[in-house]
Amino acid sequence: MISVTKLKGQRFMLNALYIETIEAFPDTTITLLNGHKYVVLETVEQIQEKIYQFYRSINIIGTLNQEVIDDEE
C-alpha cells in the first residue's frame, strides 16, 4: 500500500498492485485496473518512487538487482 493525498488534503492508502496507469493532466491521475480514477497532489515521479519502495518492501523487486549492480562495480 502507498499513501497518497487527494486534492483537498485527505490522505489515503492505495494498493499499488492495482495501479494500471499514472498520468499528469496536469494533476496526477491514478487509474486502477478496475477503472477507478484518483486525482492526487503527488507528482508522477513521487508516485513512481512510492511504488518502487512498496515493491521492494514486499520483495517483488530489488535485492537481486542491487546484488547485480554491486557485482558489476
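Which residues form a nonpolar patch on the surface? Select L17, Y18, L33, I58 and I60: together they expose about 490 Å² of accessible area (Shrake-Rupley method, 1.4 Å probe, only the protein chains shown counting as cover). Such a patch takes residues with over 30% relative accessible area and no salt bridge, joining nonpolar side chains (Val, Leu, Ile, Met, Phe, Trp, Tyr) within 5 Å and like charges within 9 Å.

The model is predicted: local features need pLDDT of at least 70 and side-chain atom pairs pLDDT 80 or more, while totals for chains, interfaces and linings use all residues. Residues are numbered from 1 along each chain as its sequence is written, and side-chain values use heavy atoms, without hydrogens and water.

Next, centre on L33, in the loop between β4 (28-32) and β5 (37-40); strands are DSSP runs of E, at least two residues, and helices runs of H or I, at least four, numbered from the N terminus. L33 counts as exposed because its relative accessibility is 57% (buried is under 20%, exposed over 50%, partly exposed in between; 1.4 Å probe, protein chains only).

Now display the open antiparallel sheet, ordered β3-β4-β5. Its edge strands are β3 (19-24) and β5, each pairing on one side only; pairing requires at least two DSSP bridges. Four bridges join β4 to β5, and T28 has V40 as its bridge partner in β5.

Finally, select R11 and E42, which form a salt bridge with closest N and O atoms 3.6 Å apart (Lys or Arg side-chain nitrogen within 4 Å of an Asp or Glu carboxyl oxygen). R11 lies in strand β2 (residues 11-14) and E42 in the loop between β5 and α1, so the pair ties together parts 31 residues apart in sequence. R11 is exposed at 52% relative accessibility, whereas E42 is buried at 8%.
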